[in-house]
Amino acid sequence: FAKQSGKNQYKFFDRQVQEKIMLKRKISTTLRYALNTHAFTLMYMPIYHIESLEVAGAEVLLRCIDPSMEGIGPDQFISVAEEFGMIKEIDLWVIEEVFRILQSSGLCESNPDFRISVNISAEEMNDIHFPDVLAKLAQQYAVSPACIELEITETRLVDIDASNIDVLQRIRALGFRLALDDFGTGYTAFNQLYHYPVDQLKIDRSFINELHEGCKHAVMVDAILSIANSYQYETVAEGVETQDQLTLLREKGCDLAQGYFLSKPLKWVHFVELPGVKIYESSPSA
Ligand code: C2E
Ligand code: MG
Ligand code: MG
Ligand code: MG
């Protein structure tokens with residue numbers, strides 16, 4: 001009997017794996033199609049100065065608008081894009097689209113302190129040409145690199161080597177800023193952090209979500225803020241969903257915050273309507 005049920009379990013497991021592979025294939029086909037038909041759009045999640053609650057900029061978030069991708073967000077499809085060799089094309093599409101809208105709106109010129117954060121795959125660190133590509137695009141679209149912050153997820157830094165660091169350093173030398181995204185979920189030892197040429201730490205949403213004074217997440221947040229402080233990294237709290245979390249983070253001295261309590265990701269036309277956000281004139285909607 002045990003043998004029998006073991007076999008059934010195995011079949012069940014097998015089917016689950018099979019279904020996962022099918023879903024991945026379907027997503028990859030849709031992504032390919034979406035790249036060819038421009039079925040992507042960008043959302044802008046406002047980032048606020050925690051002290052003044054003034055807008056500091058926004059994080060760009062990718063959406064696939066193909067109907068068959070309903071309910072499937074970047075958390076799912078970015079890893080598929082990486083696995084099926086499409087991520088570089090997607091990252092480039094996003095970067096170029098962001099540069100285009102920044103140029104046509106004059107957002108960075110009108111708000112010199114603003115920063116637009118763009119997520120890039122950690123794979124870009126393996127591409128020694130990536131800094132040149134960035135520089136060329138920034139020049140082509142007359143975008144000041146100082147206005148752009150590139151986010152790399154911390155969990156993806158496990159195998160980082162000297163050549164990856166070199167790529168990051170060259171990106172920074174061009175004037176772009178770098179952020180470590182989802183910080184606290186990876187395995188970066190605090191004493192290794194200074195190897196990474198970054199400007200900003202984004203404290204992962206999982207620590208902020210259940211944050212209240214005295215809880216174990218609060219201890220973690222304190223530790224991250226203290227290390228960021230000594231290395232002079234700017235800090236961003238991700239996923240702020242309540243007033244209490246915001247108040248606590250302000251007391252703890254976190255610099256910036258984003259999250260549903262402050263604002264959900266917005267379409268460009270709505271982002272530029274926020275108080276304090278200036279643009280040249282009405283710009284094409286994205
Ligand atoms: P991320 O960079 O950590 O982005 C933050 C994610 O958390 C976003 O989900 C955002 O909508 C969500 N979020 C922010 N605040 C809250 C909150 O208060 N509550 C809740 N429940 N969620 C919140 P999204 O848009 O699904 O993005 C997921 C991930 O996909 C991103 O994580 C990023 O790693 C990746 N991603 C998104 N856009 C791009 C892109 O253009 N290129 C690349 N390479 N990756 C991207
Ligand atoms: Mg991010
Ligand atoms: Mg994040
Ligand atoms: Mg994330």
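Which element gives the largest share of the shell around ligand 1? Strand S2 does, with 4 residues. Keep in mind that this is a predicted model.

Let's stay with the ligand. The space that ligand 1 takes is the largest pocket. Several elements give two or more residues each to the shell: strand S2 (55-64), helix H2 (74-83), helix H3 (87-105) and strand S5 (177-183).

How many residues surround ligand 1? The number is 24. The closest are Arg63, Asn119, Asp181, Glu241 and Tyr260. By type, the shell has 10 nonpolar residues, 4 polar ones and 10 charged ones.

Now the polar contacts. Start with Asp181: an N or O atom in its side chain is 2.7 Å from an oxygen atom of ligand 1. Next, Tyr260. Here a polar backbone atom lies 2.8 Å from an oxygen atom of the ligand. Then Asp91. A polar atom of the Asp91 side chain is 3.0 Å from a nitrogen atom of ligand 1.

Last topic: aromatic rings. Across the whole structure, a search finds 7 aromatic pairs. Take one of them, Phe40 with Phe77. The ring centres are 6.5 Å apart and the planes meet at 50°, so this pair counts as tilted. Phe40 belongs to strand S1 (residues 40-49), while Phe77 belongs to helix H2. The pair therefore ties together parts that are 37 residues apart in sequence.

Terms used:
Residues are numbered from 1 along each chain as its sequence is written. Chains are lettered from A and ligands numbered from 1 in the order in which they are written. This is a predicted model: local features need pLDDT of at least 70, side-chain atom pairs count only at pLDDT 80 or more; totals for chains, interfaces and linings use all residues. Side-chain values use heavy atoms; hydrogens and water are left out. A residue is near a molecule or strand if one of its heavy atoms lies within 4 Å of it. A polar contact is a pair of N or O atoms within 3.5 Å; within protein, one must be able to donate a hydrogen and the other to accept it, and residues adjacent in sequence count only if both atoms are side-chain atoms. On a 1 Å grid over the protein atoms alone, a cavity is a set of points where a 1.4 Å probe fits but cannot get out, and a pocket is an open set with protein on both sides within 12 Å along at least five of seven lines; lining residues have an atom within 4 Å of a point. A molecule sits in a cavity or pocket if more than half of its atoms lie within 2 Å of its grid points. Ala, Val, Leu, Ile, Met, Phe, Trp, Tyr, Cys and Pro count as nonpolar, Asp, Glu, Lys and Arg as charged, and the others, Gly among them, as polar. Rings of Phe, Tyr and Trp (its six-membered ring) pair if their centres lie within 6.5 Å; planes under 30 degrees apart count as stacked, over 60 as edge-to-face and the rest as tilted.
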